[in-house]
Protein chains: 2
Amino acid sequence: MDYTLESGVDPLREAINASLTNFVDRENEYLRTIASELYPVADALKNFLIDSGKRFRPLFAAAGFVGSGGILDAVSINALASIELVHVCALIHDDVMDGSDTRRGAPSIHRLFEKLHRTESLKGSPEQFGVASAILLGDLALVWASKALHESGMDSQSILRALPLYDEMRVELMAGQYLDVYEQALASESIERSLKVARFKSGKYSIERPLHFGASLASGSNLAAYTGYGIPLGEAFQLRDDLLGVFGDPAQTGKPAGDDLREGKRTVLIAATLQRANPAEKDRVNALLGKPDLVLSEVEEIRAIITSSGAADFVENMITELTADALAAIEIGTITSDAKAFLVHMAAVATKRSY
Amino acid sequence: MDYTLESGVDPLREAINASLTNFVDRENEYLRTIASELYPVADALKNFLIDSGKRFRPLFAAAGFVGSGGILDAVSINALASIELVHVCALIHDDVMDGSDTRRGAPSIHRLFEKLHRTESLKGSPEQFGVASAILLGDLALVWASKALHESGMDSQSILRALPLYDEMRVELMAGQYLDVYEQALASESIERSLKVARFKSGKYSIERPLHFGASLASGSNLAAYTGYGIPLGEAFQLRDDLLGVFGDPAQTGKPAGDDLREGKRTVLIAATLQRANPAEKDRVNALLGKPDLVLSEVEEIRAIITSSGAADFVENMITELTADALAAIEIGTITSDAKAFLVHMAAVATKRSY
């Protein structure tokens, strides 16, 4: 069965989900033959994968693929979908690093295995067992990502053409994650530094590299145009995410209200607030930011300062400008018209104001 | 420059080290271009890689490669050495999961970054920063492993032939690590269960799969003979490691005396001891095992029970028998004579009684 970008995002996302489900079912069958103790690993990874969302990276990969002359079919979708498993690794490890209890309303992997430790009355520390399990499940997802690509059925030449970009994407991801963790610990107030992290974390990893990955699976053309689209749109996407992390509706984000504030995330939004707020407000934000038991009234207090300082508007304007830059970039090069239309749509999806 | 197995282990190990150093220097140069904040990441990974030892896995991979008709040169050594980086990931993550403070006398990666957090007076928890950094450095090592293989210079056909085994090895590694963690938490007394973990952890991951990986980079021949050698030798190696973890000289193992006892590791040696000891001794072992502040006199008390129960001899005999099985297996198939001689030597190295 063939797919086209003209059918829109949903049918393509379903095809991506079907490919991922198929892969993970096959792998889990194998895990189960090794030992029954691996059943919880298989179940947890399958549930995590199926629950985990928007499939932005495979969708962008598909756009890059079609835009550079590729034809979407079951085989190419297998290859394009595989990068979602890299993301699964990043999310599982991210939750351990942040100490997050939940992911999209469900317990995070380390909490799930902590619970298993308690239910089965195992020996030792439940927390340590949870962390160890989550590290290994994340590692396994990262290995699965490669395996899914290698076994996709794509011809060898296309796979070999994609590997250098694929490797670079994953190196950048890990480097970007470290910079993010370091930046949080530095508690930097620099907009420039926060933007650099955003560039690696979202611009390159979530959009540019998936586009490149897809393009290189097809022909390797249009890489520069994809960079021109991916980097600014990635920043815009990250900025939107920062706004959602503060103002987002818990029902939609799957996280408690103001969760980024509680975590003390040093975002561009926060950096802009601290630059614009008066000394008293600045002290107040610094005092509350990262307070683990931050209550709703305190969340609202910070929100008010972010808005009144003009930082929220400043970030909204950046999103608008960056998105315009992204859309201008795809007019250059030989990106096919169906891919272009899809990328215009995806830009709106990635940056839409939905809170 | 060409290498032969006849020159022995040391020159080959040096060539492997040179290839790894070359790779990591190149990658670190790239990391440094991203951001100066990544200098500590680059330095830590290089030091860890260079300090980390015996290169068993690349050496076995080289034996499998030559034994199946491959010629050792700078390019093939690049490809064979790459699996050491998978091991670096496993070690870094292992230390986080075990909460180990040191690795071969130096601070473990998570402790190193915990210290960096303190030195730089960063915000938040130093322990959490250490763990987050170690998770990401391990992830990066795992990605580097693939990158080093892809960029080795080997012809595409050989790389594509090796990828399925390479993927399977890494899946087995993560599954085996989980089984190990689970087994510790289960505090199982079953010899059979402990052996199953040993089979995955050492038999398959440390010996059989490296041999297969090397063989598949050459021609893909002799896989069954390598399995016949790798599985029992891996078990013997693990059993030797278990003995060293209890009786080993700290100067040689780089770990405090009786460290496995302090960690409460459920090894075949411990299972055999608990099966053979009298009820009072058994209670004593169970009471002391896993005690975090175990002192030397207590270590010696457990050692005495392990010896007097006959468990140490039982495990020594298993090592002898398993090694004999391994050596018989390589007489079948078409393994080249130089590879055979090398494997005989490696069997002695892997199981030698050096405490």
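Let me start with how the two chains relate: in this predicted model, chain A can be laid on chain B with an RMSD of 0.0 Å by a turn of 180° and a shift of 0.0 Å along the axis. The superposition is by least squares on the C-alpha atoms of residues with pLDDT of at least 70 in both copies. That is the relation of a two-fold axis. The same surface serves both copies, as 100% of the contact residues of chain A recur in chain B.

A word on conventions. Residues are numbered from 1 along each chain as its sequence is written, and chains are lettered from A in the order in which they are written. Local features need pLDDT of at least 70, side-chain atom pairs count only at pLDDT 80 or more, and totals for chains, interfaces and linings use all residues.

Now the interface. 45 residues of chain A are in contact with 45 residues of chain B, contact meaning C-beta atoms, placed from the backbone, within 7 Å. On the chain A side, helix 1 (9-34), helix 5 (83-98), helix 7 (126-150) and helix 8 (156-186) each supply at least two residues. Helices here are DSSP runs of H or I, at least four residues, numbered from the N terminus. The largest share, 16 residues, comes from helix 8 of chain A.

Last, one helix pair. Helix 16 (residues 311-329) and helix 17 (residues 337-351) of chain B pack at about 160°, axes 10 Å apart; the axes are lines fitted to C-alpha atoms over the stretch in contact, with angles from 0 to 180 degrees between N-to-C directions. That makes helix 16 of chain B roughly antiparallel to helix 17 of chain B, the term for angles over 145 degrees.

Key: Two residues are in contact if their C-beta atoms, placed from the backbone, lie within 7 Å. Angles under 35 degrees count as roughly parallel, over 145 as roughly antiparallel, 65 to 115 as roughly perpendicular and the rest as oblique.
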